[in-house]
Every structure is written in C-alpha cells, then in structure tokens.
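Hi everyone, thanks for making time this morning. I'd like to walk you through one structure, so please have a look at it on the screen.

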Amino acid sequence: MSDCQSCSSSCGEGGTCPGQAKEPIDKRGVGRFVAVGSGKGGVGKSTTTALLAVAMARRGCRVGILDADVTGPSIPKLLGIRDPLVGTVAGMIPPASAKLGIRVMSVNLLLDDPAKPVVWRGPLIANLLKQFWNDVEWGNLDYLFVDLPPGTADAPLTVMQSLPLDGMVLVTSPQGLAELIVEKACHMAGMLDVPLLGVVENMSFVRCPGCGQELDLFGPSHVAKLTERFSMPLLGRFPVDPTLALLCDSGRVEDYGEAERLEDLASALEASLAGSPVKGAC
Ligand SMILES: Nc1ncnc2c1ncn2[C@@H]1O[C@H](COP(=O)(O)OP(=O)(O)OP(=O)(O)O)[C@@H](O)[C@H]1O
C-alpha cells in the first residue's frame with residue numbers, strides 16, 4: 001500500500017493515489033507479468049487474454065492467467081474449467097489447470113454458484129486481487145497474464161499498483177467509441193508508469209464466407225492512429241470469427257485453429273517485451 005503521509009496530494013483517497021511512486025514488488029517465479037486491458041467493456045479483452053496464453057502455451061511456455069475481472073469473470077468459462085478450488089492447510093490456494101497446462105485463478109472458482117454475482121465495494125475487490133497474487137501458489141511461470149477489469153476505476157488501478165507488471169497490452173475494436181476509451185487506458189498506464197506493450201485490434205473485420213473478402217463490419221480501423229500516438233506496436237488483428245465465438249462458449253478456446261495468427265501474436269509480444277531481461281524464459 002502507498003503511504004499517504006509521504007504524498008503531497010490532498011486527494012483523501014487513502015492509498016490509491018495514481019501518481020505515487022511504486023515500491024518494487026517481488027515477481028517470485030514469474031518471468032513476464034503482462035496485464036491485458038481495454039478501457040471499454042465487450043471488445044474481447046478476456047478472449048484476447050486467453051488467446052495470448054494459448055499462443056505462449058503452444059510454444060511450450062509455462063503460463064498462468066490471473067482473472068482480475070472480479071465482477072465479470074469469464075476466463076474459467078473460456079477454458080472450460082468448472083471445478084471449484086480448495087485452499088491448503090497453509091492457507092495457500094493452488095490454481096486450476098486447463099488442458100494446455102495454463103494455470104488459472106478467478107473468483108468464479110471460489111464461488112459455490114458461479115452464476116451468483118459478486119456485489120462488493122471497491123476495497124473488498126482490491127483486497128481479493130492482492131490475495132490472487134499473494135495467496136496463490138503460482139509456481140514458476142514464464143508468463144502470467146492478468147485479465148484487467150474494464151475501465152479506469154478502482155479495480156484496474158489496484159491491479160496496476162499492486163502487481164509487478166512488465167507492461168500492458170491494450171485490446172480495442174474498430175468502433176470510434178472503443179478507440180476513444182482505450183486512449184484513456186493508455187493515459188492511465190502512463191500515469192502509473194506501466195509500459196504499453198502494444199495493441200490488439202479485435203473484431204477488425206469479417207471474412208465473407210462466399211468470396212473470402214474482408215469486410216469492415218465496424219467501419220475503418222483507427223488503430224494506426226493509436227499506435228502512432230502512443231508509440232506502441234500493433235500486436236495483431238483478429239476477425240469476427242463465429243468459430244472462435246463457438247469455442248469460447250463451449251470452453252474450448254485452447255482448440256482455436258488459427259495457428260499462424262496466434263504464433264504471430266506471440267512473436268509480436270515477445271519482441272515488444274524484448275527490451276528488458278527475461279527471467280525463466282521458455
Ligand atoms: N474475434 C471474435 N470473434 C467472435 N466472437 C468474439 C471475438 N472476440 C470476442 N468474441 C465474443 O464476444 C464476447 C465478449 O468477449 P469477451 O468476454 O472477451 O469481452 P471482454 O472485453 O472481456 O468483455 P468484458 O469487458 O465484459 O469483460 C464473447 O462471447 C466472445 O466469445
């Protein structure tokens with residue numbers, strides 16, 4: 001937690017000051033800690049988080065996903081994980097494991113009924129997110145992806161301040177509104193000193209099943225403006241793909257067949273991360 005006594009601000013927020021310097025946090029056995037955020041909800045942030053994890057797991061990397069979207073957790077559903085988790089006597093919780101060995105922690109794996117909503121105020125959610133890092137036996141991982149809650153409010157702020165992030169991947173879609181809101185998330189990352197690793201444009205186009213032509217379902221892309229403005233790379237573009245939607249709905253996102261697109265995504269992220277030394281690279 002930050003120390004308000006050492007801060008010149010009079011915001012009265014009690015430990016959530018965005019401008020305050022972060023104390024270094026031990027990354028334990030995690031090589032790369034990557035947050036995935038969007039600003040706007042519904043653009044495919046969780047799907048992209050899962051695809052990033054799948055791309056790295058297919059390369060033989062040890063991968064985890066910390067589902068920080070406490071009020072809208074969807075990672076277990078995407079990966080077909082249903083069994084609730086049980087803590088050990090020592091108070092630590094082993095994460096769940098998906099088909100490719102992707103380790104997962106999500107609030108939905110702690111609820112008796114995953115359909116019940118988590119109706120908690122900000123401080124409770126903030127504490128849970130810290131426990132997801134401190135009290136989970138993640139073990140040694142090459143990549144830990146964090147599916148951030150949408151927006152720029154309390155919960156994403158807590159994650160970005162209390163986890164040892166190497167950087168953040170932004171997910172957007174071609175709609176003007178999504179681009180505008182993702183800019184806010186970019187500014188937030190800048191305020192918190194979290195490096196922007198790049199942007200993934202999801203739902204970029206739809207391929208005509210008849211002639212194969214790419215159609216701009218949501219209008220022309222604005223992603224080049226975004227990458228230029230914030231000096232970050234475009235990590236990948238994903239089409240609106242009914243097969244992907246079906247795989248997500250049936251908990252089989254790990255079976256997504258676009259091997260080349262996923263490999264390109266993994267390479268682009270790896271290149272973006274290449275600036276700083278890797279611990280436990282796969
Ligand atoms: N490229 C795509 N093609 C087809 N369907 C997609 C694609 N990307 C995401 N979807 C579908 O869109 C829905 C929303 O995706 P997802 O949950 O990843 O969004 P989100 O941004 O994480 O949402 P929230 O902000 O509510 O957490 C899901 O049903 C998912 O299967």
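A quick word on the ground rules. This is a predicted model, where local features need pLDDT of at least 70 and side-chain atom pairs count only at pLDDT 80 or more, while totals for chains, interfaces and linings use all residues. Residues are numbered from 1 along each chain as its sequence is written, and side-chain values use heavy atoms, with hydrogens and water left out.

So, the overall picture. The protein chain has 8 helices and 10 strands; these are DSSP runs numbered from the N terminus, with helices being H or I of at least four residues and strands E of at least two. Of its 282 residues, 48% are buried, meaning under 20% relative accessible area with a 1.4 Å probe, protein chains only.

Now the core. The largest nonpolar core contains 83 residues, and Ile102, Phe145 and Val146 have the most contacts inside it. By nonpolar core I mean a set of buried Ala, Val, Leu, Ile, Met, Phe, Trp, Tyr and Cys residues joined through side-chain atoms within 4.5 Å. Helix α1 gives the most to this core, with 8 residues.

On to the ligand. For the ligand's oxygen atoms, one is 2.9 Å from a backbone N or O atom of Gly44, and one is 3.0 Å from an N or O atom in the side chain of Asp69.

Last stop, Thr227, in helix α6, residues 223-229. Is Thr227 buried or exposed? Thr227 counts as buried because its relative accessibility is 14%. Its side chain reaches the backbone oxygen of Ala224 at 2.9 Å. Leaving aside residues up to four places away in sequence, Thr227 touches Val199, Met232, Pro233 and Leu234.

That's my tour, and I'm happy to go back to any part of it.

How values were computed:
Buried < 20%, exposed > 50% of the residue type's maximum accessible area, 1.4 Å probe, protein only. Polar contact = N/O pair within 3.5 Å; in protein donor to acceptor, adjacent residues only side chain to side chain. Contact = heavy atoms within 4.5 Å.
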